[in-house]
Amino acid sequence: MITALQHFISKKGKFVFILLLLLVVVSFVLYLSQGSSVFDLMSDGGREKKEFFGYNWNDPDQRRFLSVTTRAAGAMGVMSSPGREDISKAGTAYMEGLQQQIQAAFRANPEEVDRDAMQRMFEYMQAWPNFAPDFQAREIARSGSYDGDFLDAAIESRVALGFQADEWDFLSPQVNHPAVNAEFLNFLSRLDPSLQSEANRSSVFSMVGSRFGMSANELESVLYAAFRDNQIDRIYQTRGFALAGEINALSHENAFAWDGDVAVLSATALPLKNLSLGQVKLSKLPSAGDSLSVSYGTKKYNFVFSKSAADTNGSTVKVVLGKTINKSALALINALNQKDLGILAVEKKGNMISLELENGTLGKSSPLIKSDAKSMEFREILSDKLLAYFEDNRELDVFAEEPRTFATAMVFENQSFLTPPTPADEARLRSYFERNRLDFLSGEDSSVKGDGNNSVPQDVKFEDVAEQVREKVAAQDTNDAKREASRLAQESALDFLDNLNTFADQIKRKFPDFSALRNSDELERFLSSSEAKQRKVSFSDSEMGVQSMVLGLERRASEQRTNREPLEEVSSLDEVRFFTRSVRKSRNGQVVFLLDRKTDRRPAAFKNLPFSTLCREYLRHLKADAFAKKIESIKKRLIESDKADNKDLKIHQFSKKNSGTAQAYFDAKQRNSRSKVQKLEQDKAELKEEESAKKASLDRQIKSLNSGIEELNQERSTVISFLEGAGALPVDGKWAEVERNENEVIFGKLRDIYSLRGKATEADEAVAMQRNLELSRGMLSRDQILRELVSSSLEE
């Protein structure tokens with residue numbers, strides 16, 4: 001970037017130096033992570049202003065200001081709560097982060113872990129789903145463990161709430177009233193009681209503010225704005241309403257229990273058949289020398305019938321002829337299956353061999369099988385089925401070509417600017433030797449360096465180590481030359497960017513559209529006149545990582561933080577902004593990208609699709625079809641005969657259970673099983689090493705109990721899910737289909753119903769329940785209002 005500034009100053013004159021110096025001081029650090037670019041000093045004419053409640057949403061400086069101030073307030077535990085979906089997603093990542101920290105602590109120093117603190121942490125994590133969304137947002141904000149999506153959503157909420165406060169002229173920062181100041185102080189005290197003290201506030205504001213590049217007073221202003229937003233937020237949240245009678249109804253939600261059965265059919269219970277590739281038919285007894293060639297993936301074999309067993313020679317496999325056609329077919333089957341081709345040979349009618357593809361080893365290209373012998377014939381049957389399936393489902397996303405970006409990489413190779421250093425003369429070599437004499441001590445004399453007497457051996461002569469000196473000086477000169485070449489390549493790339501920007505502005509008006517401009521002779525001559533080598537590249541979103549590695553592109557610091565690929569910048573180019581605005585560093589030099597064209601997502605041609613993709617989708621279709629037929633067959637038998645006797649069905653019975661009592665029942669069983677596992681593990685740890693038989697017995701018991709716990713968890717999930725919707729089902733003892741998806745289907749029936757005597761709700765408890773219901777509804781209304789405000793403003 002410094003080179004770009006020097007270049008700009010030299011072109012525009014010294015009178016702009018003071019102005020540029022001020023600009024550099026403000027923007028240098030922020031732009032450094034984005035790479036070297038002459039455009040860092042210029043406004044982007046292609047960026048249109050996007051008004052968003054008084055902010056230009058396309059201005060990176062304003063977005064950066066909002067990001068920094070939002071994160072600073074978040075570090076103090078203040079953040080405008082985004083929508084529930086954003087909080088739920090960030091909360092999941094937050095909990096996973098806490099779990100990883102706990103695991104890391106146990107792995108590092110398990111004996112130093114504070115058990116009481118860990119227990120409090122576990123209780124906190126278990127209670128997390130019950131916390132209010134705004135509390136969860138504050139905890140996530142205070143931890144700093146959130147991604148860019150959560151931050152962007154919080155910024156949007158904050159700006160919308162701030163706009164409402166300004167529109168209502170609510171608690172303007174210019175108002176200095178004791179009552180307002182006292183309320184602001186109470187707001188801070190709720191964040192941390194220690195902030196009640198002015199000395200503590202100054203200290204904390206200074207410390208936190210310095211982390212975000214702001215003073216204590218600036219952070220206080222940010223928190224006051226957050227205080228205003230919080231008051232507006234409270235107005236929205238308190239708009240929920242609940243009828244008093246609703247609490248009575250809710251308190252009787254679990255007033256019923258049922259007897260019944262649940263039956264589950266899982267798709268995994270159905271055997272997954274291999275795809276049939278085709279059939280080999282032996283029409284007569286093969287003769288010696290008759291062969292069948294098989295090529296699949298990287299494996300190629302020629303199976304040749306022979307009268308006697310013989311050693312195989314590379315890709316040639318000898319197959320012993322049998323006395324009958326059936327025995328010869330069996331010998332060929334054994335030979336095929338021994339080579340692990342990814343093709344399974346199965347005997348059919350004696351002289352027929354079925355070839356099936358193993359589902360776990362599908363190749364990108366289809367197998368090639370042929371025979372010129374008159375005694376055998378291969379008939380392929382899979383390709384027609386795959387083609388028919390493709391024709392009926394060509395609009396599936398998996399059968400579509402991804403959008404591709406075609407671009408030209410202008411590579412300014414360091415090697416092109418490298419000037420080989422001239423050999424050093426003897427005077428320079430001797431000078432280097434005198435300055436670095438200690439580097440040329442022999443191994444025996446190396447201990448003299450540290451003998452404490454500051455003595456330097458004088459018996460090392462230049463003539464004895466002249467060749468070593470020459471090699472070191474040459475290596476040093478070569479490194480200096482490479483650094484200079486890298487600098488010159490970067491400078492040349494920056495000059496090219498500057499000239500390209502000017503040139504593009506000049507010729508844009510000459511051409512009706514981007515395609516004519518990009519393919520024009522003028523632009524091609526301009527590119528060819530540069531010192532760069534042109535390299536054509538194309539990639540889809542899924543190929544960005546590999547293509548970046550091929551080009552040797554280095555990730556910038558900002559890309560490493562957000563885990564973005566370097567080519568995302570190239571993918572974002574369009575017909576207005578058709579070249580990258582900065583120079584990228586690569587393995588071989590500096591690179592500037594120009595957009596050539598883009599293709600949209602479109603259906604792929606059958607011949608261009610990988611064989612493995614076609615097979616997997618066709619298998620998925622066959623599996624889904626077989627599963628649906630199995631479901632209808634079982635459903636018909638359940639309804640007509642009331643018999644749940646299919647071996648693939650898992651039956652779970654329950655008696656006098658609703659979702660609450662079932663949860664308690666399964667919890668008790670799980671605790672009992674886990675305590676048994678813990679006891680067995682303790683007994684195992686106390687055994688001596690020579691008691692291996694007892695250890696093996698305990699291992700088997702522990703494994704059996706863990707397997708039982710896993711099955712119990714599956715039963716818990718199924719039964720409780722069924723009971724949560726049991727109130728909508730008739731109690732007639734008849735089976736009904738309750739739920740179906742691509743993985744499983746659930747049938748259930750209710751045999752009997754019971755009315756449970758519930759305790760009367762206390763008055764205080766009823767008031768609390770009504771307030772919680774109103775708050776929950778108020779939060780939903782608040783999220784909807786803000787979502788409408790944000791979306792309507794961004795769409796304008």
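Author: Glu85, Asp86, Asp147 and Asp152 form a negative surface patch. This is a predicted model, where local features need pLDDT of at least 70, side-chain atom pairs count only at pLDDT 80 or more, and totals for chains, interfaces and linings use all residues. Residues are numbered from 1 along each chain as its sequence is written, and side-chain values use heavy atoms, without hydrogens and water.

Reader: What makes a patch?

Author: Its residues have over 30% relative accessible area and no salt bridge; like charges are joined within 9 Å, and nonpolar side chains (Val, Leu, Ile, Met, Phe, Trp, Tyr) within 5 Å. A salt bridge puts a side-chain nitrogen of Lys or Arg within 4 Å of a carboxyl oxygen of Asp or Glu.

Reader: Where does Asp86 lie?

Author: In helix H4, residues 84–108. Helices are DSSP runs (H or I, at least four residues); strands are too (E, at least two).

Reader: Is Asp86 buried, partly exposed or exposed?

Author: Buried means under 20% relative accessible area, exposed over 50%, partly exposed in between (1.4 Å probe, protein chains only). Asp86 has 30% relative accessibility, so it counts as partly exposed.

Reader: And Gln231, buried or exposed?

Author: Gln231 counts as buried because its relative accessibility is 11%. Gln231 is in helix H10, residues 216–237.

Reader: Which residues is Gln231 in contact with?

Author: Contact means heavy atoms within 4.5 Å. Beyond its neighbours within four places in sequence, Gln231 touches Phe170 and Leu171.

Reader: How many helices and strands does the protein have?

Author: It has 24 helices and 20 strands. Of its 796 residues, 37% are buried.

Key: Areas by Shrake-Rupley, 256 points an atom, 1.4 Å probe, with all protein chains shown as cover. Lys, Arg positive; Asp, Glu negative; His and termini not counted. Charge placed at Lys NZ, Arg CZ, Asp CG, Glu CD.
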